Amino acid sequence: MSIEVSGLTKRFGDFVALDDVNVSLPTGQLTALLGPSGGGKSTLLRIIAGLDTADAGTVTIEGTDATRLPPQKRNVGFVFQHYAVFKHMTVAKNVAFGLEIRKRPKAETARRVEELLELVHLSQFSHRLPAQLSGGQRQRMALARALAVEPTVLLLDEPFGALDAKVRKELRDWLRRLHDEVHVTTVFVTHDQEEALEVADEIVVINEGRVEQVGTPDQLYDEPANDFVMGFLGEVTTLEGQVLRPHDIEVATHPVPGGVQGRVERVLRIGFEVRVVVAVADRPDVTVVLTRTHSRSMHLEAGAAVWLTPAEGAISVASGRQREAASA
Amino acid sequence: MTSALVERGSPPPVDPGADVPTGGGGGRRRPRRSRRSGPRSTLTRGAGLGLGVAVLWFSILVLLPLAAVVAVAAEGGVSGYVSVLQNDQTWAAVTLTVTQAAVVTVVNVLVGTVIAWVLVRDSFWGKRLLDVIIDVPFALPTIVAGLVLLSLYGPNSPLGLQWAFTPSAVTLALAFVTLPFVVRTVQPVLEELETDVEEAAASLGAKRSTIFRRIILPSLVPAIAAGAALSFARAISEYGSLVLLSGNRPFETEVVSVRVLTFIENGNNTSAAAVASVMLFVALVVIVLLDVLQRRVARRG
């Protein structure tokens, strides 16, 4: 295991940012820390980097106890949401910074900087100042700068959070490809489940300072540990105390065994999808997603009586913690 | 204004290379020479009017009087200048003023930066109060500043420090009245600096001292230079606080502004103007030097 975090606790005044967090992040993988804003994931990342200190618990990086080490001695690369560029230095100088600090020979530094700029496709910008780059280019420069010192682990704090949607998607794919080339243990923080599911080998879901679940994207999606994880990874609805996906509910226009009777409230068409909101007795409304064809064949309209059952093989978890409202 | 007129008469600019900051092959020499007057004018009618007002105002208020002083000084011819500057007492006053102003400026650069740092980065009891009090030396009428210092360092000093009427009094008074300049120019820049930049440098292995020298200081240099220029300019022109505190003893504590006044009181306007224009020259040299320093640091990175 590359990073071992155990018993990590951090408070800011009365606010508990991390509550006895234990997690192991495997070597050479791309791990996402996923969770809602204010859930503690950035704090965890900053403590791993040594930029914040924990109140209790330990951090081990590649077998070395790093709990008390200053950031300078941890050999981690850190990429910030707002790039944290050295404004007065050229792109090449920014990337060279860590190597110059380490007093590497000039020729070696120059060669390495050239390699890295090639890697992040910024070779032709090496003499520009960061202010002359776009947001996406600045973040790629920041990544090259962090990789220059050959860090044991690369930590990225909401790396694409400040970029617009299109660039974010491009960089996301690019990060995945880069990781496949470089193979450095990488941990990135995101609140975007799509980003995590698409890019990460492994996802750690963090909420309210606790780890909710650790697993591959498939595991998280197919075997959610609880309704929070299920709700955070995609849309959910509650039927008879079971949390399940809206497309995992069967609709019938006649009574079926075990079916929950309800009345169609609204029918909303979004492209090929039709969302049907069904009012049921004494419970919150249930949302069902059907294909356009399916819904038309049943003549679903507002006011129609329907019977709902979970689809066969549908993934569901008991709605115990009543938190889905916050994440929906 | 002339460039605006030229622009209107000439064909519309078509050289796309003019926008590229890093251009500069030999082939582009010729068009560049033709617009030697500076960057392409972007004045609209409104902006042109604004520039006109600004230049007019600046001329009436600053350029004309300065030209008048130089003209008066020139009445005595070169020999007038030489004889004024060869006067030992005048020369001593000029040397004292410039040296003391330089010393005080260096002190301000160091102490002012530290004070600004403390005010921005640290939190302590009374910080808000200190932040307000910093301006007092600047806000106080300078004669009052002289009085304040005289009561503390004068003949009846409660501290037993009798610095009044010695060269130390000049240093003291100048340091007192110029204290806020560097603090107030550096403070806002320091506030704007993002701490994640320092964290990035730390995670790349830079020590505190290296982070300060290579990351923070380059961002502060323009502000420090601006504060130093203000501080120096104020120091060479100080009069009020010195009149009381320094005693105006020739060859010892007499500064230029007092010397100029003496010339005027004796009806020797030409000599007064000559000394004044020398100080004008000194001020220009220092301001240009600080500007060059600032640009060089900004470019070097």
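Entry 1, salt bridges. I count a salt bridge where a side-chain nitrogen of Lys or Arg lies within 4 Å of a carboxyl oxygen of Asp or Glu, and I keep in mind throughout that this is a predicted model. I looked up Arg176(A) and Asp180(A) and found that their side chains meet in a salt bridge at 2.7 Å, N to O. The two residues sit four residues apart in helix 5 (residues 165–182) of chain A, and are therefore separated by about one helical turn. I noted Asp180(A) as partly exposed, with a relative accessible area of 40%. I also found a network, in which salt bridges that share partners join Lys169(A), Arg172(A), Asp192(A), Glu194(A), Glu195(A) and Glu198(A).

Because Asp19(A) lies in strand 2 of chain A and Arg210(A) in strand 10 (residues 210–215) of chain A, the pair ties together parts that are 191 residues apart in sequence. Asp19(A) is partly exposed at 33% relative accessible area, and Arg210(A) is partly exposed at 35%.

Entry 2, a pair between chains. Which residues meet the side chain of Glu199(B) in a salt bridge? I found Arg46(A), at 2.6 Å from N to O. Glu199(B) belongs to helix 10 (residues 195–203) of chain B and Arg46(A) to helix 1 of chain A, so this pair joins two chains. Both Glu199(B) and Arg46(A) are buried.

Among the buried ones are Lys41(A), Leu44(A), Arg46(A) and Ile48(A). The helix is followed by Gly50(A), whose phi is positive, near 85°. I also see that helix 1 of chain A lies across strand 1, strand 2 and strand 4 (56–61) of chain A, and runs at about 115° to strand 1.

Entry 4, sheets. Those strands belong to an open sheet of four strands in chain A, with the order 2-1-4-5 and antiparallel pairing. Its edge strands are strand 2 (15–25) and strand 5 (64–65) of chain A, each pairing on one side only. Seven bridges join strand 1 (residues 3–12) to strand 2 of chain A, and Lys10(A) stands opposite Leu18(A) in strand 2.

Elsewhere I looked at strand 6 (residues 76–79) of chain A, where Val76(A) and Phe78(A) on one side and Gly77(A) and Val79(A) on the other are all buried. Strand 6 runs parallel to strand 7 (residues 153–157) of chain A, to which four bridges join it, and Gly77(A) stands opposite Leu154(A) in strand 7.

Definitions and conventions. Residues numbered from 1 in each chain as written. Chains lettered and ligands numbered in written order. Predicted model: local features only at pLDDT ≥ 70, side-chain atom pairs only at ≥ 80, totals over all residues. Heavy atoms only, no water. Buried < 20%, exposed > 50% of the residue type's maximum accessible area, 1.4 Å probe, protein only. Pairing = 2+ DSSP bridges. Contact = heavy atoms within 4.5 Å. Axes fitted to C-alpha atoms, helices over the stretch in contact; angles between N-to-C directions.
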